[in-house]
Amino acid sequence: MIGNSIIKLNNVDIFQQKHLVLSNVNLHIDKGDFVWLIGQTGSGKSSLLKVIYGDLNIAAGTGHACGYELSKLAGKDVPYLRRKLGIVFQDFQLLTDRSVEQNLQFVMHATGWTEKNQIADRILDVLEKVGLRSKLKKMPHELSGGEQQRVVIARALLNNPEIILADEPTGNLDPDTSEEIVLLLKQISQGGTAVVVATHDYHIIRTFPSRIIKCENGKVLEDVQIA
Ligand SMILES: Nc1ncnc2c1ncn2[C@@H]1O[C@H](COP(=O)(O)OP(=O)(O)OP(=O)(O)O)[C@@H](O)[C@H]1O
């Protein structure tokens, strides 16, 4: 982290193969910010998130994410960058053949935790944060969609990230459950972890007004208003 700055992009160009998806991107996200990310399908939201989590290199410009210089990011740095980021994406779902506890243990072992008591304590800690301490031994199919999404958020919190990136985290949930999940993400941001939520759901944005950034016509617009 540089001061309170978690993400800073200066005049960044983002390509997918030879296609310039977003040009001259300027973006800053600070500690504890809650930011909505909107834009039509194909406008570049996922590409922007990929740059932040080190899955796509920047072609021009400069920037940093969680203390890593993105223009100099090497393959070996990516796992360390990822530990500072919590990712809540549709395609990072729970392992269906393992309990809640085993799902969380799996990530902890993969990210270097070895001490049994510390692992057990941290798991209870993150489950407490998402209100699911009693579901430790449950299998994913024994949980509702909203509860599964809470476990995914708990998993994202394990390594105490500086920022959570959530791509359509309410896409499969009913309106009430969606509001609960956004409320939880808001609480997390109030605790100091920045949160970015990509969504097409303008209703939920209106319910929880916050800063909005938008991908449109190859640009990232900061501080957008919606009707
Ligand atoms: N791996 C890839 N190779 C080539 N082009 C890609 C790749 N991934 C995305 N693109 C292209 O880059 C552009 C931006 O895609 P991106 O997935 O970032 O949009 P998005 O705003 O996240 O869309 P959605 O809302 O559908 O998730 C699109 O034109 C897409 O076709």
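**View 1. The pairing of S4 with S5.** S4 and S5 pair in the antiparallel sense over two bridges; strands are said to pair if DSSP finds at least two bridges between them. The elements named here are DSSP runs, numbered from the N terminus: helices are H or I runs of at least four residues, and strands are E runs of at least two. In this pairing, tyrosine 68 of S5 is the bridge partner of alanine 65. The two strands form a hairpin with two residues between them, and cysteine 66 in the turn has a positive phi of about 50 degrees.

The structure shown is a predicted model, in which local features need pLDDT of at least 70 and side-chain atom pairs count only at pLDDT 80 or more, while totals for chains, interfaces and linings use all residues. Residues are numbered from 1 along each chain as its sequence is written.

View 2. Four strands form an open sheet in the order S2-S1-S4-S5, with antiparallel pairing. S2 and strand S5 (68-69) are the edge strands, each pairing on one side only. H1 packs on the sheet and touches S1, S2 and S4; contact requires C-beta atoms, placed from the backbone, within 7 Å. The direction of H1 makes about 125 degrees with that of S1, where axes are lines fitted to C-alpha atoms, for helices over the stretch in contact, and angles run from 0 to 180 degrees between N-to-C directions.

**View 3. The bridges between S1 and S4.** Strand S1 (residues 5-16) and strand S4 (residues 60-65) run antiparallel and are joined by five bridges. Alanine 60 in S4 stands opposite aspartate 13, and histidine 64 in S4 stands opposite lysine 8.

**View 4. The shell around the ligand.** The ligand is surrounded by 13 residues, the closest being Gln16, Thr41, Lys45, Ser46 and Ser47; a residue is near a molecule if its C-beta atom, placed from the backbone, lies within 6 Å of it. Strand S2 (19-30) and helix H1 (45-52) are the elements that give two or more residues to this shell. H1 gives the most, with three residues.

**View 5. The surroundings of valine 196.** Which residues are in contact with valine 196, leaving aside its neighbours within four places in sequence? They are Ile29, Val35, Leu37, Ile163, Leu165 and Ala166.

Conventions: Two residues are in contact if their C-beta atoms, placed from the backbone, lie within 7 Å.
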